[in-house]
Structures are given as C-alpha cells and as structure tokens.
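Grab a pencil and work through these exercises with the viewer open. Try each task yourself before you read its solution.

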Amino acid sequence: MGKDVLVQQLVDSFDSWPAKNSGCGLSRMTQELYPFDKLFSPIKINKLTVKNRIVMAPMGNIDMCEETGRPSDMMLQYFFARAKGGCGLITTGLVPVSHGIDTTVTELDKLTYFPRIDRSRTVMAGWRDLAQGVHAFGSRIFVQLTAGLGRVGNPQCLITQKKFPVSASFLPNYYIPAIPCMRLSDQKLRRIVNNIGQAAADAHAMDIDGVYLHGHEGYLIEQLGNPAFNHRKLGRYADWRQFGLDMVKEIRRRVGPDYPIMYRIDLSLALEETYDEQVMNSTYLGRMRGGRTVEQTLCYMEELVTAGVDIFDVDLGCYDNWWMPHPPASMPAGCFVPVARAVRERFVADNIRSNAGLPVPVVAVGKLGYPDIAERALRNGDADMIMLGRPLLADPEWPNKAYAGRVADIRPCIGCQEGCLNEFVEGGHPQCAVNPRCSFEYLMPQTPAPAIESKRIAVIGAGPAGMVCALIAARRGHDVKLIDTEDELGGKLLSASAARIKFDLDNYRSYLVRQVREQTEKPNGNLTLELGRAVRAEDLAKAGFDAIVCATGTSNAIPPIPGLTELAASGHAVQATQLLRQPALLGNAKTVAIIGGGAVGCEVAQWLTVEHGIPQVSVIEMLPHMMQGACTANRGHLLHALRGRNVRLLNMTRVERAEFGGKRESGAPSRCARLHLSRNCHKNVPDPYVSWSPVLPENVENPLAPKIGNDWKPLELTCDLVIIACGGHPDDALFYKLQQTHAADELHNIGDGFAPGRVLEAVRAAYRLGTNI
C-alpha cells in the first residue's frame, strides 16, 4: 500500500532531530501558560465526567500481582499514589483474557506475571479494592484488556510448555524470528471475544469506571486488525476489521450503552516509512508490508465508534520499530501531537459522535511531561486529553504540582526506560530511575520519617547518588555536608546530559541542583556545600562526622591497549566524558574512532555526527551487540539513527594496539592515530545495525541462534582522534581508606563508587540509605 506522506514526514523529522533544521525544539520544565486552564478542565466520556484532561498511560502492573493474578497491595498503592497525585483518569497495564489460548501469557503451573480479571471470584476483590481506592481521591480508572500478545509474546512457551506462540497468521515471533507463530482458528478467536465481554462485565461489577482495549503495538488485537499481520484468506476474521468490531459490540452487549469504552490504536505501523527497501527486502519485515494506511485507520476508527467506542488514544509504530510507541530520550517532546491532530480534525470534519451523542475525545501521547507543551496541544485543538506514562512514574504529584504552579518542583522523567520498561523485560517489575518509591509505595511512605537522632553526616560526591542521599538525610533532620572536588553540582550528569538528545537528563540535573540549592538556603541550614576542594581521609576523620557516605563515582578506564596511553598524552585520544564537557578538544578532527560501543559510545557517535558534523565516525565494540543491555527502545532508535548517518559500527572487534602514523585521504603524511584491529568476520556475527529485533536477556537462551565461529582478520583504522568510551572503575579508594582508619562510626559506599551503573541504581541506593541512616 506504500508510504503515507504524513507518517513519512513525522518519521523523517524524528530521524533528523535534533539537527537545527529538524523543526523539533528542546523542552524545559516551564510554566509560561500557567494556570493551565485547559489541562485542568473537566471532560465527559460517555456518561462519565473526568475532573481534568490528564490520563495515566498503561504503565505497569506486570509482576505486581499475586501469582493467582489478583491485584496485590504493591499494585494498589502504586495506582493510589497516581490518583492522590491528581491524575483525572488512570488506566491499568495489560490484563490478558486469553489464558489457555495464547500460550505466551501463562507460565508453568498456570501462573502469570499479569493481573487477571478472568480467573475466578478470588481475583475480584482486588479489583474492587483498586476502584474504591482510586475513587477516594476523585480519580477514575479504566482496566486495559488485551486479547493476548501473539507474536510479540515470550517464545519460551515453546521450551517450557512445548507449545508454539500464536498469531493472526503464520508469522515470525518478534523475540526469536526463527520461531513461527501458529494461526489461531476462528473458534478460538470467538472465545476471546466472549472473554473480553465477560471481563468488561466483571470490571463494571467491580466498580471499575471503563474498559480500555489495547489494539496497538502489534499485540494480538492489532495482529488481527492490521493487514500487515492478518494474512488470512478465509473465515470471519479474514476481514481485518472484524475482530475489533466484534469485541466492541460484545462489550456493549454485556455492559449496556453508558459504560465507557476506550481504544488504543496506531495511526500507522510506520514500518515502511521507518526502514528502507534494503532492510524490508532482506529481513522478515518484508512479510509485513501493506499495513493499514492512515485513511484506512481513520475509516476503521469511525466504524469502531459506530460499534460503541467512546474515546481513542493514538500514535505510531509497533514492536518492530519499538521506539515509536515507546519514545526514548533521543526523540523530541510532544512527538505525536500531529498524529492526534490528524485524527481530531477528521472527527470534527465528519462530525463523529459516540453512541452517547458526544464528540469522541482524542488523547495525545508521546513525551508530554512538559506542562506548557501539554497545555498548548489542548489550546490549539490538537487533542482533547493528554496521556502521561513515565512522567507520572517519575513524579506521581505531576498534576498537583502543575495545578499549583510548582512546575519547577516536578521531578522530570529522563527517558532512559531502564526502570519502567527494561526492568520487567529483564524479569522484574516496573520501577523508575529517578523515583525510587515507584512500585514501592506500599513499603516507603511519601515523607520519610524524621531522624530519631540528628547526626553529622558527610556525603562525598555531588553526582545523582550524592545529591539524593544528602537531600533526603537533610530533610529528615540530619546535619549534612555535601562535598565535591568539582565547582559544579552534577557529577557524571554534567557530561551525560551534554548532548541535545539528553535534554530530559539535563532537566533532571537542573531539578536536583535546584532542590539542593533550596535546601541549603533554608533557615535551619542543615545542608551545606563544599565544592571545588579535594577531600582527604585524614581531614574527614578529624572532622568528627557520625557518618560518612562515599558517592565518589568512577574513574575513567583506559583499556590496556599498547600505545593508547601515549595517544592520550599527545591529545590524539580523549575520554568521552571529558570531550562531552570540552568539545573544543575535537579540534579539526574529521575522522573519529570510538573505542566502546555501549550506550555512551553510541550516544557520542550520534552527538559527533549531528551536532558537530563529523563526516566519518567508527564505533568499535568487542561484544556481539552494540549497546548490549540497554533498553530496546533506546537502543533501537540510536542504532537506526547511526545507520542513517553512515556511522561505521564494528562489533566483535578488538583493538590490538594504537600508534601514530598513517596518511590523510589526500595522501599527505599526518600525525594521525592508527588503530590495529582484529575483527571476527564469521558469517554468524550479528549485524550491528539491527534495530527491528531485540537482544534477549542474558538468562534467556535462544536454542535456534546460529553459533558464532572464529574468523578473525586484521583491520587497520586511521583517524584524527580516538575517543575512549569504555566505562570506568569504581573510585572506591577513599572509602577503603576511611574504613581502614575507622574515620566514622558509620561508613557507606553507594552509586558508581560501589559498582558502575545507571541513574537507576545510584538513586535507588541513595534514597534507601538517606531514609535509613
């Protein structure tokens, strides 16, 4: 069916962002449009009135239920916190109704990591408690129902249950494309339709305010409802519209005309707009051509309204371009507002009304955690409501703070997706890198208990771990001194937030700095700063602190590559963290090699090509995959961007030695750097540019993965500058010296100084320590 102009324009703008001509600006936590009158105005959905225009996206509840599927106290308190924070409409995460049909949603012994509303009456009390608790704070709640995961479900069912995954048609599994998904029969699909109706009736009986169908992201509803996936030729569901329409009609039959039905849909999969012909022709993606066009989607949405849908939220994409429905840090704020606008304009032009005779609200999604951007979308008529997912995990009080004009106090989401998405992909439950209480509301009070005894505490290191620990301890009544050798607060955040694509992280850094500064200015003066001075163990011991917290971060690693130290001494090699803060060190470099293909190395490659116009960038990584371990959405988008900018990615490549020498392209001799490499050229070495298929968690074995042999060949690379992005070693010397000399009764080592990690680990440890010291 070809490419759609609107979708292609949006995808192109994302791919060119944040170049100066991309048309997508950066965002700050401002309140120029305060008092946000549109954001905090009521709206009717069928017969239901919602107090404001803020919808909590379906974030979470995986692994937050009891093993029977009954909502646990962890799950209840998680949603209660967002209701208390002022969100008008809360939606739950996925609740499948296809146990026994879709083999990917049920595990051994009939256990599940999803909440259930279909098992038996034993689960119903949990849902009733959830509804009552949310209503106590004046919020509404919809339960999100799904027909199943289908081809995007966990294929381990083949090993653990000896059953294949299922789908609308014979399709490859997303996680392991070599595993086929079996076609579901019309009879089984009819059972799912009946189950959806029963689940809606149960939700209504449990006082849940509405139901929310997940017809997006390539889950089973969309696999039936999109010709890219639905290749059926015979039967009722060969018509890709029929399954969705049947579900909505069955819900209406069971719950009557007044119960709200919400539908999540993508305007387009955007697969053919995302990937070029070479990728489409050479991968399984070629079997998924011909997805719904924008016009087909709009017509289908109108049919769904006729069947009984009251409200939509809409964006782009699916799992195979996962960054689209899960916009990472490297995508702009408000990225899908034009998508909502296209739907709303169509509904207005066609005078689309729900069965209640009301206009059908359109909910905008996509990095709208900036109140001015959200308010502007509503004022401009781009959307009727705005959906916040990760911003409400980062700060459940986002609505209350925005309403009160305290935007600067909103804790910003950093777009890392390591806690909210990657955590449960790796086997945990949703959390948040910047909000350590997220999912632990049932254990951690909103306000930490005051200290029983005020102590004198020294916190060494003013990165995220040090700042968070110092803040919490000071707010509890301790006398805290925060010490750092740098003149600025921020630690590694100063370099990590330097690139334009890290604007979310820079907002978080600014937030933390503001919180620290405000605490130091309070009359009691129990938090003091000592910046720009090296600290010695002897001085700390003499100061008589009751407790010392070391949050000293890492020291940059220089891999033991012969000749690399000499290159660094001459200025021909530089640490990535240093270069990000001092771009002048690039000099006149035109060719750059980056040693280290983790998140930092790839982000630096993007920064060099986009912001500094470096024409030739190579990234060298020893592991089979670039950015191994990073969240799929962030990893996929960055790899896709690097491919588009012709960055050379060399995976399974070792740097054997470095030296001066070589010639420029003109043939003239130059004091460039020459790297002698060994690269594994075996045919089964993974393609480093693959962004359409994920890297499996390390504890999940792919039994069909081809074995990588050894075919190492020498390779030389000449460049003007070598950038070292190999992480760091824990800078723990001070801690062990303090421990050896018994410098204080309590000694603690947190953050990267304990083990190099992410903001997630640093903040989590800092908060727990700060609340307990």
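**Exercise 1: A strand and its neighbours**

In strand β26, Leu 721 and Ile 723 point one way while Val 722 and Ile 724 point the other way, and all of them are buried. Keep in mind that you're looking at a predicted model.

Task: Find out which bridge partner Gln 575 has in β26, and how many bridges link β20 to β26.

Solution. 
- Step 1. Start with strand β19, residues 573-575, which pairs with β26 in the parallel sense over three bridges. Within this pairing, Gln 575 has Ile 724 as its bridge partner.
- Step 2. Now go to β20: this strand pairs with β26 over four bridges, again in the parallel sense. Here Ile 595 stands opposite Ile 724.

**Exercise 2: Checking a helix length**

Task: Work out what span the 13 residues of helix α22 should have, and what the distance between the end C-alpha atoms is.

Solution. 
- Step 1. Helix α22 covers residues 599-611, and at 1.5 Å a residue it should span 18 Å.
- Step 2. Next, look at what is tucked away: the buried residues of α22 include Cys 602, Val 604, Trp 607 and Leu 608. Among the elements covering the buried residues are α21, β20, β21, α23 and β26, the strand from Exercise 1.

**Exercise 3: Reading a sheet**

Task: Say in which order the five strands of the open sheet come, and which strands are at the edges.

Solution. 
- Step 1. Follow the strands across: the order is β16-β15-β14-β17-β28, with parallel pairing.
- Step 2. β16 (527-531) and β28 (746-749) are the edge strands, as each pairs on one side only. On average, neighbouring strands in this sheet are turned by 15° against each other, direction ignored.
- Step 3. Zoom in on β15 (residues 479-484), which is joined to β16 by five bridges and runs parallel to it. One link to look for is Ile 483, whose bridge partner in β16 is Glu 530.
- Step 4. Finally, spot helix α24 (residues 733-740), which lies across β14, β17 and β28 and runs at about 160° to β28.

**Exercise 4: Two helices crossing**

Task: Describe how α5 and α7 cross: at what angle, and is the crossing left-handed or right-handed?

Solution. 
- Step 1. The axes of α5 (residues 186-205) and α7 (residues 242-255) come within 8 Å and cross at roughly 35°.
- Step 2. This crossing is right-handed.
- Step 3. Sort the contact residues by class: ten are nonpolar, four polar and four charged.

**Exercise 5: Buried or exposed?**

Task: Decide whether Leu 234 is buried or exposed, then do likewise for Ser 693.

Solution. 
- Step 1. Leu 234 sits in the loop between α6 and α7. Its relative accessibility is 66%, so Leu 234 counts as exposed, the cut-off being over 50%.
- Step 2. Ser 693 is in the loop between β24 and β25. With a relative accessible area of 14%, Ser 693 is buried, because buried means under 20%.
- Step 3. Which residues does Ser 693 touch, leaving aside neighbours within four places in sequence? They are Tyr 174, Tyr 175, Pro 177, Tyr 284 and Arg 635.

Note on methods
Residues are numbered from 1 along each chain as its sequence is written. This is a predicted model: local features need pLDDT of at least 70, side-chain atom pairs count only at pLDDT 80 or more; totals for chains, interfaces and linings use all residues. Side-chain values use heavy atoms; hydrogens and water are left out. Axes are lines fitted to C-alpha atoms, for helices over the stretch in contact, and angles run from 0 to 180 degrees between N-to-C directions. A crossing is left-handed if the near helix is turned anticlockwise from the far one by less than a right angle, and right-handed if clockwise. Ala, Val, Leu, Ile, Met, Phe, Trp, Tyr, Cys and Pro count as nonpolar, Asp, Glu, Lys and Arg as charged, and the others, Gly among them, as polar. Buried means under 20% relative accessible area, exposed over 50%, partly exposed in between (1.4 Å probe, protein chains only). The expected span of a helix is 1.5 Å times one less than its number of residues. Contact means heavy atoms within 4.5 Å. Two strands pair if DSSP finds at least two bridges between them.
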